[in-house]
Amino acid sequence: MTDAVDDKIRCDACPVMCYIRPGLTGACDRYANEDGKLVRVDPHVLLDRTISQGGPISAFAKDSELWSGELVKQPFVTAIGAGTTYPDYKPAPFIVSSQVDGVDMVTVVTEGIYSYCGVKLKIDTDRHLGPECATVRADGEPVGHITTGEYGSQMLSLGGVNHLTHGGKKEGRVTCETLLNLSNGKPVELTVDGGASVVVEAGKAPIINGGLEQRMRVGCGSATIGMFARQWFGKVDEVVVVDDHITGVLSEHQAGKLIGARDTGIKMKGRRSTPGRYFHVAEPGTGWGGTNVRDPLDIVAGFNPKVAWPGMTLLMVSTTGEQHAFYRLDEALRPIEAELPDNLKESVERITENCEPALCTVLFMAGAGGSLRAGVTENPVRLTRSVRESLTTVTAGGAPVYVWPGGGITFMVDVSLLPRNAFGYVPTPAIVAPIEFTLRLEDYAALGGHVEEARPLEEVVRRHAERTTNVFVNGAIPRAGRRAS
Amino acid sequence: MSARAQYTRLPDGRRHFHDGPIDLILQAFGADDAVEAAYAAAERRFASVLDELCNELPLLRAPSTPMSPTPEGRVARRMSRAVRRFEAFHFITPMAAVAGAVAEEILEAMTGAADLARAFVNNGGDIALHLAPDERFSIGMVGSPDRPALFGRATISGQDATRGVATSGWGGRSFSLGIADAVTVLARDAATADAAATLIANAVELPGHAAIVRRPARELDPQSDLGERLVTCDVGALTSAEIEAALARGAALAQRFVDLAGIEAAALRLRDQIKIVGAGPTLAPRERELIHAQG
């Protein structure tokens with residue numbers, strides 16, 4: 001928040017808490033008082049693709065023929081640090097035109113201030129993080145909720161306008177900080193009401209209740225039976241793949257029947273869906289296969305004495321192969337744990353080998369509101385239509401985005417594709433994220449664009465390349481600004 | 001830990017640390033694991049620096065006098081210690097040394113964590129250096145941020161006493177009472193260099209000159225430690241004799257600092273004139289380029 005004192009505003013972006021007069025910046029040169037509003041004015045980042053070491057960043061033009069090869073030699077002006085005002089009653093900070101193969105292209109570069117934004121998290125794990133709809137907290141504040149379980153992953157939705165603006169002041173601030181850190185690739189610790197605590201960082205494995213998740217399941221328990229039935233046949237009499245969703249039992253499963261697996265008389269807990277496929281064998285948890293099971297025999301109800309036989313062997317294994325146990329039935333048909341024979345070790349290892357490394361992935365999602373679109377064109381709805389008609393390409397910090405069908409310009413972007421620290425925030429609270437619209441100059445004019453504000457690419461690069469400091473060290477130009485005292 | 005602080009690896013391997021108004025560019029040279037350990041230590045130390053400073057801002061913005069209490073924080077103490085040398089000469093607050101003091105503190109965290117051949121922490125032009133005896137840094141001096149042309153260079157070797165370099169001028173981020181484009185000071189530590197550069201730049205002056213636009217510092221920054229003092233906002237046309245006179249005032253103070261306050265050397269620049277004070281290592285104006293000689 002900003003407190004107005006006369007014509008000054010007080011910035012609380014950092015503990016210096018500057019009072020800033022209209023038209024001037026605070027001590028950091030990053031936040032300024034523009035007509036009584038706190039705005040961010042970072043120098044924008046010129047992302048020179050030839051020196052960018054952030055890995056591949058996709059071409060932003062729709063017509064790859066026009067752009068491929070050429071682009072790598074041209075700097076692409078991203079919106080990172082472009083600055084913006086809210087609402088965007090003024091043309092966007094940078095409207096850049098460049099000519100490629102004789103076609104005038106325009107990139108409208110701005111940073112959007114998004115109160116309507118959040119992140120979608122995909123956390124690769126079988127472990128139970130919490131029931132659907134459970135509140136997800138950071139620093140004790142509600143910042144989102146658990147949504148669905150997907151194949152090998154748990155989905156979380158964080159942020160959104162309700163957490164950012166409708167909750168308490170602390171809730172909004174913590175939500176903003178959580179979104180900012182996740183989007184900038186930093187680790188964040190989340191706790192789920194009635195569930196686990198998880199440390200999430202884009203591109204890294206999740207840490208669940210203090211344990212680093214290693215693998216993402218190759219399939220559900222039933223699918224695992226199907227994949228490995230042939231490798232088990234003849235080496236073991238029964239195999240149970242323990243899974244919170246669908247536990248598989250080899251002898252009953254269609255895959256077992258096909259290769260002639262003999263009935264074993266095993267009786268499972270839970271609810272049988274179809275032969276060899278069981279739901280709800282235990283409660284969800286952080287044990288075997290996403291259940292709360294620590295001792296796998298807990299899900300076995302017993303053995304039918306008319307079918308089972310002494311000496312019968314049983315392999316129990318989790319969906320990732322990380323947990324396994326081998327048993328042999330004694331004279332009373334009680335399973336007695338024994339060492340896993342060498343010829344089964346390979347099959348267990350193969351399950352593990354087929355599991356991909358567990359990762360957290362973070363998609364930033366936001367809606368470019370009417371006011372942001374007004375910074376691009378005098379007639380905001382025409383920009384929406386132009387995006388719909390694929391005349392205008394939308395990128396975020398140079399990264400490709402997915403634009404949702406339907407009204408408005410609501411997009412998602414994989415944060416790992418943006419340069420580091422591409423996201424910022426304003427104390428409103430809201431997230432500041434780069435967004436670029438690229439289109440042909442004639443199309444831009446047609447949709448009522450601020451053509452008169454367009455500046456040639458070379459001029460933008462030249463003018464902003466001059467922002468260097470006053471002392472070189474060792475022949476290199478430091479990026480930072482002027483004296484800080 | 002500050003959730004604000006940002007740590008970025010620049011494409012050429014240098015690091016950029018940012019927190020609030022602080023921007024550091026730093027680099028360590030040595031064995032790979034030593035360099036990594038140094039960066040890790042620097043990040044850990046940097047995380048709390050701004051909060052520590054802000055805890056004591058009122059004291060750090062107050063004029064330094066023999067009666068001033070000693071601050072609590074390590075960086076604040078460095079600032080206080082550095083400006084003590086100058087309080088007898090001129091009005092000064094510990095804030096005059098904040099950039100250099102932060103640079104020193106981070107550099108010390110790095111050299112304390114690992115054995116480095118050399119390292120620098122550049123806090124917006126105020127630089128703390130580490131040099132093993134056989135190592136050297138080449139430093140270029142730039143007149144103004146808008147026209148990054150070298151006006152001189154200094155080579156600092158591990159044998160020299162210099163471990164701090166600072167530059168001050170009215171076009172910089174902080175306010176100046178003077179009109180110097182740039183005053184670069186070499187000293188034993190960065191905090192001292194920082195404070196000295198600020199004072200010498202203030203002294204490059206033409207009191208009452210009509211071509212100089214000044215405004216009270218408080219009008220520009222309501223919390224400035226300079227209060228109602230007039231700070232330079234613009235400098236118009238000056239004659240060659242006026243430039244010489246302004247530089248002479250600054251050079252006189254620089255000479256006193258060399259003699260009495262422990263700085264090694266200073267280079268003062270105003271428009272096309274440069275004055276060098278003190279022996280220092282090899283602080284030399286750059287030979288003028290032909291294109292300038294023609295004009």
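I started at the end of helix 8 of chain A, where A:Ser390 follows just after the helix with a positive phi of about 60 degrees. Helices here are DSSP runs of H or I with at least four residues, strands are E runs of at least two, and both are numbered from the N terminus. The model is predicted, so I kept its limits in mind: local features need pLDDT of at least 70, side-chain atom pairs count only at pLDDT 80 or more, and totals for chains, interfaces and linings use all residues. Residues are numbered from 1 along each chain as its sequence is written, while chains are lettered from A and ligands numbered from 1 in the order in which they are written.

Next I checked burial in helix 8 (residues 380–388) of chain A. The buried residues are A:Pro380, A:Leu383, A:Thr384, A:Ser386 and A:Val387. Buried means 20 or more other C-beta atoms within 10 Å of the residue's own, exposed means 12 or fewer, and partly exposed lies in between, with C-beta atoms placed from the backbone. These residues cover an arc of only 160 degrees around the axis, so they sit on the same side of helix 8 of chain A. The arc is taken from the directions from the helix axis to the C-beta atoms.

A:Cys133, not a glycine, has phi of about 75 degrees. A:Cys133 lies in the loop between strand 10 (117–124) and strand 11 (135–138). A:Cys133 is exposed, with 9 other C-beta atoms within 10 Å. A:Asn209 has a positive phi near 50 degrees, in the loop between strand 16 (207–208) and strand 17 (211–212). A:Asn209 is partly exposed, with 13 C-beta neighbours inside 10 Å.

For chain A as a whole, I noted ten helices and 35 strands. Of its 485 residues, 50% count as buried.

Last, I turned to helix packing in chain B. Helix 4 (residues 74–84) and helix 6 (residues 190–203) pack at about 55 degrees, with axes 9 Å apart. Axes are lines fitted to C-alpha atoms over the stretch in contact, and angles run from 0 to 180 degrees between N-to-C directions. That angle makes helix 4 of chain B oblique to helix 6 of chain B. The axes of helix 6 and helix 8 (residues 240–260) of chain B come within 7 Å and cross at roughly 150 degrees. Helix 6 and helix 8 of chain B are therefore roughly antiparallel. The cut-offs are under 35 degrees for roughly parallel, over 145 for roughly antiparallel, 65 to 115 for roughly perpendicular, and oblique for the rest.
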